[in-house]
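Dear colleague,

I am handing over a structure for you to look through, and below it I have written out what was found. Please keep the sequence and the 3D view open while you read.

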Amino acid sequence: MVGVLGAGGCAAPPGPDTTGRRAHSTERAVPADVPAQAPADDQSCHPLESYRPQGALPRPGHMPAGSTMAAIVKRGRLIAGVDQNSYLFGYRNPLTGQLDGFEIELLKRISTALFGSPNRIQFKTISSDARLSVLQPDPKTRQSSVDIVIDSMTINCDRWKSVAFSTDYLDAGQRVLVPRSSTAKSIDDLGGKRVCAASGTTSIDTLKGLKKHPVVPVAVKDWTDCLMLMQLGQVDAVSTDDTILIGLAAQDPNTKLIGPRFTDEPHGIAMRQDQTDFVRFVNGVLERMRQDGSLTALEKQWLGANASSFVPPPSPAYKPE
């Protein structure tokens, strides 16, 4: 591992699904008052379609001349924006002091594809509301703070206006975490109650948009802040992607998940809009992991008994070219 900063050969897959839908997705109970994440009449946006890998991945350390990957290899490290507070996904291991989790392991696979080593990563821990801004190039230097962001980030049309996404590597959905003493069975039972989510997330936006059974949204910086507020009795529930809630529940056995998923939250790795060659490269790494089973293995390793809710990994969808 290069360092941690504080807050601040695979062929392209044959015949992939290009519809923007995940082949194994199932119908889910969705409250009628939950707003759609994109206007129903917007036919121009297909958020799950990313840039197709171009042929086999280059050998580590031998990136195409002039490519984004060659510049990263020349620098000697991949600069990545990550979370340090999402247990099981991106968190600081108290036993080692190092960042660990499912998404950290994904980054190590990308580092290995670039350098031949999993440890050529400079981590920058970021909050949820900084995930887009850290990828924006400085107007003068044209440099951005990071090369890549992997932080339980939902792919949607609005975010595509600021960044470019990889293919969907994990399907999640918004649910609710409550104290074990709570009698609530779903989000519909929390009307008028204080429900916590991190600022800058689709989760807080969904909570603000509830109409039939409106809640009192409470926005905080990090998900662990939500858990602390619920432990102190200052909020009644936490609501976000079930991937994050599983980690919170593992940290506090006096909590429980309730209700079905009431949104679809496909997860993508974000990169700069003008670096589509790097997006294609990352998609090539993800496709190799789908084909060799390592993406499924990582999910089972980190999610354990909960892995059955998320595997098999979503099928990729690519833009028409």
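**Disulfides and a cavity**

A disulfide joins C45 to C157, with a distance from S to S of 1.7 Å. Please bear in mind, here and in everything that follows, that this is a predicted model. If the term is new to you, a disulfide is a covalent bond between the sulfur atoms of two cysteines. The link of C45 and C157 is left-handed, with -105 degrees about the S-S bond. C45 lies in the loop between β1 (3-5) and β2 (49-50), while C157 belongs to helix α3 (residues 157-160), so this pair ties together parts that are 112 residues apart in sequence. Since buried here means under 20% relative accessible area, C45 counts as buried with its value of 19%, and C157 is likewise buried, with a relative accessible area of 11%.

How many disulfides does the count come to? It comes to two, and the second pair to look for is C196 and C226, whose sulfur atoms are 2.1 Å apart. The link of C196 and C226 is left-handed as well, with -80 degrees about the S-S bond. C196 is found in strand β12 (residues 194-198) and C226 in helix α5 (residues 223-231), so the pair ties together parts that are 30 residues apart in sequence. Are these two cysteines buried or exposed? C196 is buried, with a relative accessible area of 0%, and C226 is also buried, again with a value of 0%. When the bonded cysteines are counted along the chain, the disulfides follow the pattern 1-2, 3-4.

The other feature to look at is the largest cavity, which holds about 90 Å³ of space. It is lined by 15 residues, and those closest to its centre are R131, S152, T201, D241 and I244.

When you go through the model yourself, you might begin with the pair C45 and C157, continue to C196 and C226, and then turn to the residues closest to the centre of the largest cavity, R131 and D241 among them.

With best wishes

Notes: Residues are numbered from 1 along each chain as its sequence is written. This is a predicted model: local features need pLDDT of at least 70, side-chain atom pairs count only at pLDDT 80 or more; totals for chains, interfaces and linings use all residues. Side-chain values use heavy atoms; hydrogens and water are left out. A disulfide is a pair of cysteine sulfur atoms within 2.5 Å. Helices (H or I, at least four residues) and strands (E, at least two) are DSSP runs, numbered from the N terminus. Buried means under 20% relative accessible area, exposed over 50%, partly exposed in between (1.4 Å probe, protein chains only). On a 1 Å grid over the protein atoms alone, a cavity is a set of points where a 1.4 Å probe fits but cannot get out, and a pocket is an open set with protein on both sides within 12 Å along at least five of seven lines; lining residues have an atom within 4 Å of a point. Grid points are joined across faces, edges and corners, and a volume is the space filled by probe spheres set on the points.
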